[in-house]
Amino acid sequence: MSFQKSKFHHPRLPLNELGLSYRDYEGSLSTLCAGCGHDAISAAVIQACHELSIPPHRVAKMSGIGCSSKAPNYFMNRAHGFNTVHGRMPSVTTGANMANRELIYIGMSGDGDTASIGLGQFAHVVRRRLNMLYMVANNGVYGLTKGQTAATADLGSHSKSGEANLFADIDLCVMALQLGASMVGRSFSGDKKQLVPLIKAALSHRGFAFLDIISPCVTFNNHATSTRSYDYVHEHIKAAGVVDFVPARTEIVSKFDNQKLEDICLHDGSILRIRRTDDDYDTHDSRKAVAAIEEHKAKGEILTGLLYIDPTPQEYHEMAGTSATPLSRLSQEDLCPGSRVLANINASFR
C-alpha cells in the first residue's frame with residue numbers, strides 16, 4: 001500500500017538544469033517503520049538524481065521482494081518501475097537492459113533478496129558487467145518476515161529472539177570485487193554526506209556499480225547484541241576515503257589539502273574526488289580492496305567509502321557486440337528480416 005504526497009511545495013525551491021526541484025524526484029509516502037534506514041537511502045537517491053539533473057523518465061527502478069524492495073516506490077514517481085519476484089531482480093534487469101540499453105537502471109535489493117535466494121543471480125549479473133547501479137540495503141535480517149537472520153549477519157551475532165548465528169557471513173562487496181564489478185563501495189544509510197556522492201558516482205559510471213549500504217533494521221535488528229544496530233555501526237565504522245562528487249559543468253571547489261586528493265574522470269566527464277585517510281589505500285587495486293575489507297573486519301570495523309573503481313571498464317553490450325540501436329527502437333523488419341535472409345545464413349554454413 002502507498003499513499004501519495006501533497007503536491008504543494010515552496011515556490012522558491014532550488015531548480016536543477018531541467019527546471020525540476022527535488023520534489024519532482026520524490027515518490028509516495030513511505031509505509032516502512034519509522035526510522036528505517038531504507039528511507040534515508042531513498043532520500044539520498046532523490047538528492048543524487050536531482051543534483052545530477054537526470055530526467056526521471058530515463059530511469060528504470062528494479063527491485064525484488066522485501067522491505068528494501070518496497071523502497072523504490074518512495075523515490076522518483078516519474079520513473080519506470082518493475083517489482084520482480086524474490087531474488088530475480090538481476091535477470092529481469094538484464095532482459096530490460098538488452099531491450100533498451102539507453103535507460104539508467106537502478107536495482108535496489110536487500111541482503112536476503114541478494115545473498116540468499118538471489119545469490120546466483122547476483123553472481124552472474126556482476127560477471128556479465130551489466131551497466132547498472134545495484135544497491136543492497138543491508139540490515140542482516142529478513143525484516144518483512146519478522147527478523148530471521150540473513151546470510152550477511154556476522155558469525156555469533158544474535159537475533160532479536162536471542163538465537164546465535166552459527167554461520168560465517170557473506171560479504172557482498174568481496175564477492176562483487178572477486179567477480180569483476182568495475183565499481184564497488186560501501187556506506188551507511190545514516191551517513192548522507194558519504195552516501196550521496198557514492199550514488200552520484202555510481203550513476204555516472206559506465207559498467208556494473210555495486211553499493212552495499214548498511215541500513216539497520218529499527219524493529220528487528222537494533223538490539224544490544226546485534227552487529228548491525230545503529231550504535232554498533234556508529235562505533236565501529238571506518239572510512240576508506242571521503243568521496244566528493246563534482247558535476248562536470250560546475251565549478252570545482254575544494255577545501256582540502258591537494259596532496260590528499262585524487263581525481264577520477266568518469267565517462268560522462270564528471271569528476272570523482274577522493275580524499276584518502278590512509279595513504280596506502282589504492283582504489284584501483286581490487287585485491288588490496290578485498291584485503292582491506294578483511295583486515296578491518298578482523299578488527300570489528302566496517303570499511304566504508306569507495307573501495308574500488310576501474311576508470312575504463314567494459315560493460316556487457318561492448319563485450320557482446322550488441323546493436324548500438326536499442327532493440328526497443330528497431331523495426332519489425334529489422335528484428336525479423338524474413339526467410340530470404342535466413343536462407344542466406346543457412347547457405348553460408350553449407
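Modeller: His-38 is buried, because its relative accessible area is 2%; buried means under 20% relative accessible area, exposed means over 50%, and partly exposed lies in between, as computed with a 1.4 Å probe on protein chains only. This is a predicted model, in which local features need pLDDT of at least 70 and side-chain atom pairs count only at pLDDT 80 or more, whereas totals for chains, interfaces and linings use all residues. Residues are numbered from 1 along each chain as its sequence is written, and side-chain values use heavy atoms, with hydrogens and water left out.

His-38 belongs to helix α1. Helices (H or I, at least four residues) and strands (E, at least two) are DSSP runs, numbered from the N terminus. Leaving out residues up to four places away in sequence, His-38 touches Leu-32, Cys-67, Ser-68, Ala-137, Asn-139 and Ser-215, where contact means heavy atoms within 4.5 Å.

Glu-26 lies in the segment before α1, which spans 37-51. Glu-26 also counts as buried, because its relative accessibility is 14%. Apart from its neighbours within four places in sequence, Glu-26 is in contact with Lys-5, Ile-46, Tyr-74, Phe-75, Met-76 and Asn-77. Ser-53 is found in the loop between α1 and β1. Its phi is near 55°, a positive value in a residue other than glycine, and at 11% relative accessibility Ser-53 counts as buried.

From that loop we can turn to the strands. Strand β1 (residues 59-63) runs parallel to β3, and 5 bridges join them; two strands pair if DSSP finds at least two bridges between them. In this pairing Val-59 stands opposite Ile-104 in β3. β3 also pairs with strand β4 (residues 132-138), in the parallel sense and over 5 bridges. Here Met-108 stands opposite Met-135 in β4.

How many of the residues of strand β3 are buried? For this strand, residues 104-110, the count is 7 of 7, so that β3 is mostly covered. In a regular strand the side chains alternate between the two faces of the sheet. In β3, Ile-104, Ile-106, Met-108 and Gly-110 point one way, while Tyr-105, Gly-107 and Ser-109 point the other way, and all are buried.

Next come the helices. Two packed helices are described by the angle between their axes and the distance between the axes. Axes are lines fitted to C-alpha atoms, for helices over the stretch in contact, and angles run from 0 to 180 degrees between N-to-C directions. Helix α3 (residues 89-99) packs against α5 at an angle of about 35°, with axes 8 Å apart. Met-89, Pro-90, Ser-91 and Thr-94 of α3 meet Gln-121, Phe-122 and Val-125 of α5. By class, this contact of α3 with α5 has 4 nonpolar, 3 polar and no charged residues; Ala, Val, Leu, Ile, Met, Phe, Trp, Tyr, Cys and Pro count as nonpolar, Asp, Glu, Lys and Arg as charged, and the others, Gly among them, as polar.

Helix α5 (residues 119-127) packs with helix α6 (residues 172-179) as well, at about 40° and with their axes 8 Å apart. The two helices are therefore oblique to each other; angles under 35 degrees count as roughly parallel, over 145 as roughly antiparallel, 65 to 115 as roughly perpendicular and the rest as oblique. α5 contributes Leu-119, Phe-122, Ala-123, Val-126 and Arg-127 to the contact, and α6 contributes Leu-172, Met-175, Ala-176 and Leu-179. These residues divide into 8 nonpolar, no polar and 1 charged.

Arg-129 is placed in the loop between α5 and β4. Its phi is near 55°, a positive value in a residue other than glycine, and Arg-129 is partly exposed, with a relative accessible area of 31%.
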